[in-house]
Amino acid sequence: MSTISPTELQSSVTEIVEKPHRKESKINWWRIVSYIVLLIFAVMYLGPLLMLVNTSLKTTPEFFKNATALTTTVHLDNFVEAWEKADFPRLLLNSILYTAVSTTLYIIMAIFVAFPIARGSVRGHKFLYTLFVIALFLPAALIPQFQLILRLGLYNNPVGYMLFFLVNPIGIIILVGYIRTLPRELDESAAMDGCGYFRFVMQIIIPLSRPAIATVIVLHAIGIWNELILPTIYLTSKEYFPITRGLIVFQGVYGSDWPTLAAAVMMITVPMLVLFLVLQRYIISGLTAGAVKG
(Lines give C-alpha, C1' and ligand atoms only; values in the text may rest on other atoms or scores of the structure.)
Protein backbone atom coordinates (compact mmCIF):
# COMPACT_ATOMS: atom_id res chain seq x y z
CA MET A 1 0.00 0.00 0.00
CA SER A 2 1.51 3.26 -1.15
CA THR A 3 1.60 6.27 1.10
CA ILE A 4 1.49 9.98 0.19
CA SER A 5 4.18 12.13 1.59
CA PRO A 6 3.26 15.36 3.41
CA THR A 7 4.89 17.38 0.64
CA GLU A 8 2.79 15.75 -2.09
CA LEU A 9 -0.38 16.13 -0.02
CA GLN A 10 0.29 19.84 0.50
CA SER A 11 0.93 20.43 -3.21
CA SER A 12 -2.29 18.60 -4.12
CA VAL A 13 -4.34 20.66 -1.69
CA THR A 14 -2.72 23.87 -2.95
CA GLU A 15 -3.53 22.97 -6.58
CA ILE A 16 -7.18 22.20 -5.71
CA VAL A 17 -7.58 25.47 -3.82
CA GLU A 18 -5.86 27.67 -6.42
CA LYS A 19 -7.48 26.10 -9.50
CA PRO A 20 -10.82 27.97 -9.19
CA HIS A 21 -8.94 31.20 -8.54
CA ARG A 22 -6.96 30.71 -11.73
CA LYS A 23 -10.19 30.35 -13.69
CA GLU A 24 -11.63 33.47 -12.08
CA SER A 25 -8.53 35.48 -12.90
CA LYS A 26 -8.87 34.69 -16.58
CA ILE A 27 -9.45 37.90 -18.55
CA ASN A 28 -12.76 38.10 -20.44
CA TRP A 29 -11.64 39.90 -23.59
CA TRP A 30 -15.14 39.86 -25.16
CA ARG A 31 -16.53 41.79 -22.21
CA ILE A 32 -13.71 44.32 -22.44
CA VAL A 33 -14.32 44.79 -26.18
CA SER A 34 -18.08 45.19 -25.61
CA TYR A 35 -17.46 47.88 -22.98
CA ILE A 36 -15.11 49.71 -25.32
CA VAL A 37 -17.71 49.65 -28.11
CA LEU A 38 -20.40 50.91 -25.74
CA LEU A 39 -18.08 53.67 -24.56
CA ILE A 40 -17.43 54.75 -28.16
CA PHE A 41 -21.18 54.93 -28.88
CA ALA A 42 -21.76 56.85 -25.63
CA VAL A 43 -19.16 59.42 -26.67
CA MET A 44 -20.72 59.68 -30.14
CA TYR A 45 -24.17 60.34 -28.71
CA LEU A 46 -23.25 62.43 -25.68
CA GLY A 47 -20.50 64.43 -27.39
CA PRO A 48 -22.81 66.79 -29.33
CA LEU A 49 -25.03 67.23 -26.26
CA LEU A 50 -22.09 68.15 -24.05
CA MET A 51 -20.84 70.54 -26.73
CA LEU A 52 -24.28 72.15 -26.82
CA VAL A 53 -24.21 72.65 -23.06
CA ASN A 54 -20.70 74.06 -23.28
CA THR A 55 -21.69 76.52 -26.01
CA SER A 56 -24.80 77.68 -24.14
CA LEU A 57 -22.64 78.79 -21.20
CA LYS A 58 -20.21 80.88 -23.28
CA THR A 59 -20.27 84.55 -24.15
CA THR A 60 -20.40 85.41 -27.84
CA PRO A 61 -16.78 86.74 -27.98
CA GLU A 62 -15.56 83.64 -26.14
CA PHE A 63 -17.37 81.39 -28.63
CA PHE A 64 -15.91 83.08 -31.71
CA LYS A 65 -12.46 83.06 -30.13
CA ASN A 66 -12.49 79.25 -29.78
CA ALA A 67 -15.76 77.44 -30.45
CA THR A 68 -14.61 74.03 -29.22
CA ALA A 69 -12.74 75.06 -26.07
CA LEU A 70 -14.24 74.50 -22.64
CA THR A 71 -15.98 77.55 -21.26
CA THR A 72 -14.23 79.47 -18.52
CA THR A 73 -17.40 81.26 -17.38
CA VAL A 74 -21.01 80.35 -16.66
CA HIS A 75 -22.97 82.89 -18.69
CA LEU A 76 -26.61 82.17 -17.75
CA ASP A 77 -27.78 85.39 -19.37
CA ASN A 78 -27.96 83.43 -22.64
CA PHE A 79 -31.03 81.59 -21.35
CA VAL A 80 -32.75 84.82 -20.30
CA GLU A 81 -32.00 86.44 -23.65
CA ALA A 82 -33.21 83.39 -25.57
CA TRP A 83 -36.44 83.30 -23.57
CA GLU A 84 -37.19 86.95 -24.34
CA LYS A 85 -35.83 87.20 -27.89
CA ALA A 86 -37.66 84.14 -29.24
CA ASP A 87 -40.94 84.97 -27.49
CA PHE A 88 -40.73 81.61 -25.75
CA PRO A 89 -44.00 81.66 -23.72
CA ARG A 90 -46.26 82.06 -26.76
CA LEU A 91 -44.31 79.73 -29.06
CA LEU A 92 -43.95 77.15 -26.29
CA LEU A 93 -47.70 77.20 -25.75
CA ASN A 94 -48.25 76.64 -29.49
CA SER A 95 -45.89 73.65 -29.51
CA ILE A 96 -47.53 72.14 -26.43
CA LEU A 97 -50.96 72.57 -28.04
CA TYR A 98 -49.91 71.01 -31.36
CA THR A 99 -48.12 68.14 -29.65
CA ALA A 100 -50.83 67.33 -27.09
CA VAL A 101 -53.81 67.54 -29.46
CA SER A 102 -52.17 65.73 -32.37
CA THR A 103 -50.72 62.96 -30.19
CA THR A 104 -54.02 62.37 -28.36
CA LEU A 105 -56.02 62.15 -31.58
CA TYR A 106 -53.41 59.94 -33.19
CA ILE A 107 -53.28 57.49 -30.25
CA ILE A 108 -57.07 57.07 -30.24
CA MET A 109 -57.18 56.58 -34.01
CA ALA A 110 -54.15 54.24 -34.07
CA ILE A 111 -55.59 51.92 -31.40
CA PHE A 112 -58.87 51.47 -33.26
CA VAL A 113 -56.94 50.82 -36.48
CA ALA A 114 -54.37 48.48 -34.94
CA PHE A 115 -56.81 46.29 -32.98
CA PRO A 116 -58.76 44.79 -35.92
CA ILE A 117 -55.53 44.33 -37.89
CA ALA A 118 -53.89 42.54 -34.96
CA ARG A 119 -56.92 40.29 -34.39
CA GLY A 120 -57.46 39.64 -38.11
CA SER A 121 -61.08 40.73 -37.86
CA VAL A 122 -60.94 42.88 -40.96
CA ARG A 123 -60.66 41.56 -44.50
CA GLY A 124 -57.16 41.93 -45.95
CA HIS A 125 -55.57 42.61 -42.57
CA LYS A 126 -52.22 41.19 -43.67
CA PHE A 127 -52.23 43.38 -46.76
CA LEU A 128 -53.10 46.46 -44.68
CA TYR A 129 -50.27 45.69 -42.26
CA THR A 130 -47.88 45.31 -45.19
CA LEU A 131 -48.94 48.74 -46.50
CA PHE A 132 -48.05 50.35 -43.17
CA VAL A 133 -44.64 48.66 -43.24
CA ILE A 134 -44.03 49.88 -46.81
CA ALA A 135 -45.09 53.40 -45.80
CA LEU A 136 -42.10 53.54 -43.45
CA PHE A 137 -39.76 53.67 -46.44
CA LEU A 138 -41.71 56.15 -48.59
CA PRO A 139 -40.67 59.82 -48.76
CA ALA A 140 -43.06 62.55 -47.71
CA ALA A 141 -45.42 63.62 -50.52
CA LEU A 142 -44.98 67.36 -50.01
CA ILE A 143 -46.49 68.58 -53.30
CA PRO A 144 -49.75 66.53 -53.09
CA GLN A 145 -50.07 67.46 -49.42
CA PHE A 146 -49.56 71.14 -50.21
CA GLN A 147 -52.24 71.02 -52.94
CA LEU A 148 -54.65 69.21 -50.60
CA ILE A 149 -54.19 71.76 -47.81
CA LEU A 150 -54.75 74.63 -50.26
CA ARG A 151 -57.96 73.08 -51.66
CA LEU A 152 -59.30 72.46 -48.15
CA GLY A 153 -58.63 76.09 -47.20
CA LEU A 154 -56.41 75.02 -44.30
CA TYR A 155 -53.19 76.74 -45.35
CA ASN A 156 -51.71 78.84 -42.52
CA ASN A 157 -54.19 77.18 -40.17
CA PRO A 158 -53.29 75.27 -36.98
CA VAL A 159 -55.97 72.66 -37.75
CA GLY A 160 -54.47 71.93 -41.16
CA TYR A 161 -51.01 71.76 -39.62
CA MET A 162 -52.07 69.23 -36.98
CA LEU A 163 -53.75 67.02 -39.60
CA PHE A 164 -50.31 66.09 -40.93
CA PHE A 165 -49.50 64.27 -37.70
CA LEU A 166 -52.52 61.96 -37.79
CA VAL A 167 -50.66 59.65 -40.18
CA ASN A 168 -47.68 57.77 -38.77
CA PRO A 169 -47.13 54.11 -39.72
CA ILE A 170 -44.59 53.30 -37.00
CA GLY A 171 -47.19 53.78 -34.26
CA ILE A 172 -49.61 51.38 -35.98
CA ILE A 173 -46.87 48.78 -36.36
CA ILE A 174 -45.86 48.98 -32.68
CA LEU A 175 -49.47 48.72 -31.49
CA VAL A 176 -50.29 45.81 -33.80
CA GLY A 177 -47.22 43.90 -32.58
CA TYR A 178 -48.17 44.46 -28.94
CA ILE A 179 -51.89 43.68 -29.26
CA ARG A 180 -50.99 40.37 -30.93
CA THR A 181 -49.35 39.30 -27.67
CA LEU A 182 -52.59 39.79 -25.71
CA PRO A 183 -54.55 36.52 -25.24
CA ARG A 184 -57.56 36.05 -27.51
CA GLU A 185 -59.48 34.55 -24.60
CA LEU A 186 -60.10 38.13 -23.49
CA ASP A 187 -62.10 38.75 -26.67
CA GLU A 188 -64.21 35.63 -26.13
CA SER A 189 -64.88 36.42 -22.47
CA ALA A 190 -65.89 39.98 -23.31
CA ALA A 191 -68.23 38.76 -26.07
CA MET A 192 -69.89 36.25 -23.72
CA ASP A 193 -70.40 38.99 -21.13
CA GLY A 194 -72.05 41.22 -23.73
CA CYS A 195 -69.23 43.77 -23.84
CA GLY A 196 -69.42 45.97 -26.93
CA TYR A 197 -66.54 46.63 -29.31
CA PHE A 198 -65.77 50.21 -28.25
CA ARG A 199 -66.20 49.41 -24.57
CA PHE A 200 -63.89 46.41 -24.90
CA VAL A 201 -61.17 48.48 -26.58
CA MET A 202 -61.45 51.38 -24.16
CA GLN A 203 -61.69 49.42 -20.90
CA ILE A 204 -59.57 46.33 -21.63
CA ILE A 205 -57.26 46.76 -24.63
CA ILE A 206 -56.07 50.28 -23.82
CA PRO A 207 -55.16 49.57 -20.16
CA LEU A 208 -53.35 46.36 -21.14
CA SER A 209 -51.49 48.16 -23.95
CA ARG A 210 -50.01 50.91 -21.79
CA PRO A 211 -46.35 50.04 -22.56
CA ALA A 212 -46.96 50.20 -26.33
CA ILE A 213 -49.10 53.34 -26.01
CA ALA A 214 -46.41 55.05 -23.91
CA THR A 215 -43.80 54.16 -26.53
CA VAL A 216 -45.90 55.56 -29.37
CA ILE A 217 -46.66 58.72 -27.35
CA VAL A 218 -42.95 59.42 -26.84
CA LEU A 219 -41.98 58.74 -30.47
CA HIS A 220 -44.91 60.69 -31.90
CA ALA A 221 -44.59 63.65 -29.52
CA ILE A 222 -40.87 64.01 -30.17
CA GLY A 223 -41.51 63.99 -33.93
CA ILE A 224 -44.08 66.79 -33.64
CA TRP A 225 -42.03 68.80 -31.15
CA ASN A 226 -38.89 68.78 -33.32
CA GLU A 227 -40.63 69.34 -36.65
CA LEU A 228 -39.26 72.30 -38.60
CA ILE A 229 -40.01 71.72 -42.31
CA LEU A 230 -43.81 71.54 -42.05
CA PRO A 231 -44.31 74.73 -39.98
CA THR A 232 -41.92 76.56 -42.29
CA ILE A 233 -44.06 75.59 -45.30
CA TYR A 234 -47.61 75.64 -43.94
CA LEU A 235 -47.57 78.30 -41.21
CA THR A 236 -46.76 81.85 -42.27
CA SER A 237 -48.24 83.86 -39.38
CA LYS A 238 -45.96 84.35 -36.39
CA GLU A 239 -48.87 83.82 -34.00
CA TYR A 240 -49.07 80.17 -35.16
CA PHE A 241 -45.34 79.36 -35.09
CA PRO A 242 -44.17 76.43 -32.95
CA ILE A 243 -41.05 76.80 -30.86
CA THR A 244 -38.75 75.27 -33.49
CA ARG A 245 -39.89 77.83 -36.07
CA GLY A 246 -39.15 80.60 -33.59
CA LEU A 247 -35.45 79.73 -33.58
CA ILE A 248 -35.18 81.59 -36.90
CA VAL A 249 -34.87 84.84 -34.93
CA PHE A 250 -31.32 83.86 -33.94
CA GLN A 251 -30.25 83.74 -37.59
CA GLY A 252 -28.84 87.10 -38.62
CA VAL A 253 -27.70 88.53 -41.94
CA TYR A 254 -24.04 88.61 -40.95
CA GLY A 255 -23.98 85.60 -38.63
CA SER A 256 -25.80 83.79 -35.85
CA ASP A 257 -25.85 84.25 -32.11
CA TRP A 258 -24.69 80.70 -31.42
CA PRO A 259 -24.47 80.76 -27.59
CA THR A 260 -28.01 82.14 -27.30
CA LEU A 261 -29.23 79.67 -29.92
CA ALA A 262 -27.64 76.80 -27.99
CA ALA A 263 -29.37 77.98 -24.82
CA ALA A 264 -32.71 78.09 -26.68
CA VAL A 265 -32.21 74.56 -28.03
CA MET A 266 -31.45 73.30 -24.51
CA MET A 267 -34.67 74.80 -23.21
CA ILE A 268 -36.60 73.21 -26.05
CA THR A 269 -35.32 69.74 -25.14
CA VAL A 270 -36.50 69.93 -21.51
CA PRO A 271 -40.23 69.09 -22.07
CA MET A 272 -39.47 66.03 -24.21
CA LEU A 273 -36.78 64.93 -21.77
CA VAL A 274 -39.29 65.09 -18.93
CA LEU A 275 -41.83 63.13 -21.01
CA PHE A 276 -39.25 60.45 -21.74
CA LEU A 277 -38.20 60.14 -18.09
CA VAL A 278 -41.82 59.77 -17.00
CA LEU A 279 -42.62 57.04 -19.55
CA GLN A 280 -39.22 55.35 -19.89
CA ARG A 281 -40.18 52.28 -17.82
CA TYR A 282 -42.80 51.39 -20.42
CA ILE A 283 -40.73 52.01 -23.53
CA ILE A 284 -38.52 48.89 -23.61
CA SER A 285 -41.41 46.48 -23.05
CA GLY A 286 -43.50 48.39 -25.59
CA LEU A 287 -40.83 48.13 -28.28
CA THR A 288 -39.84 44.50 -27.67
CA ALA A 289 -43.35 43.06 -27.28
CA GLY A 290 -44.39 41.19 -30.39
CA ALA A 291 -40.80 40.62 -31.52
CA VAL A 292 -41.16 36.88 -30.90
CA LYS A 293 -44.85 36.34 -31.41
CA GLY A 294 -45.96 37.56 -34.80
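User: In this predicted model, how are α5 and α11 oriented to each other, given axes that cross at roughly 95°?
Analyst: Angles of 65 to 115 degrees count as roughly perpendicular. The axes of α5 and α11 cross at roughly 95°. The two helices are therefore roughly perpendicular to each other.

User: Which residues of α5 make the contact with α11?
Analyst: The axes of the two helices come within 11 Å. On the α11 side, the contact uses Y197, F198, F200, V201, M202, I205 and I206. On the α5 side, the residues are I111, F112, F115 and P116.

User: By class, how many nonpolar residues does the contact of α5 with α11 have?
Analyst: The contact has no charged residues and no polar ones. Its count of nonpolar residues is 11.

User: Is M109 of helix α5 buried, partly exposed or exposed?
Analyst: Buried needs under 20% relative accessible area, and exposed needs over 50%. M109 has 34%. That value falls in between, so M109 is partly exposed.

User: What distance separates the C-alpha atoms of M109 and I172?
Analyst: M109 lies in helix α5. Along the chain, M109 and I172 are 63 residues apart. Their C-alpha atoms are separated by 9.4 Å.

User: How many salt bridges does the structure hold?
Analyst: Side chains of opposite charge can pair when their charged atoms come close. R90 and D87 meet in a salt bridge, at 2.8 Å from N to O. D187 forms one with R119, with the closest N and O atoms 2.7 Å apart. The structure's total is two.

User: Which helices does the pair of D187 and R119 link?
Analyst: The two residues are 68 residues apart, and the pair links distant parts of the chain. D187 sits in residues 185-192, and R119 in residues 88-119. The helices are α10 and α5.

User: Are D187 and R119 buried or exposed?
Analyst: These two residues form a salt bridge. Buried means under 20% relative accessible area. Both D187 and R119 are buried.

User: What are the relative accessible areas of R90 and D87?
Analyst: The side chains of R90 and D87 meet in a salt bridge. Each residue is partly exposed. The value for R90 is 33%, and for D87 it is 31%.

User: Which residue's backbone oxygen lies 2.8 Å from a polar atom of the T55 side chain?
Analyst: T55 is in helix α2, residues 29-56. T55 is buried, with a relative accessible area of 9%. Leaving aside neighbours within four places in sequence, T55 contacts F63, N78, W258, P259 and A262. The backbone oxygen at 2.8 Å belongs to M51.

Definitions and conventions:
Residues numbered from 1 in each chain as written. Predicted model: local features only at pLDDT ≥ 70, side-chain atom pairs only at ≥ 80, totals over all residues. Heavy atoms only, no water. Salt bridge = Lys/Arg side-chain N within 4 Å of Asp/Glu carboxyl O. Buried < 20%, exposed > 50% of the residue type's maximum accessible area, 1.4 Å probe, protein only. Helix = DSSP H or I, 4+ residues; strand = E, 2+ residues; numbered from the N terminus. Axes fitted to C-alpha atoms, helices over the stretch in contact; angles between N-to-C directions. Parallel < 35°, antiparallel > 145°, perpendicular 65-115°, else oblique. Contact = heavy atoms within 4.5 Å. Nonpolar A, V, L, I, M, F, W, Y, C, P; charged D, E, K, R; others polar. Polar contact = N/O pair within 3.5 Å; in protein donor to acceptor, adjacent residues only side chain to side chain.
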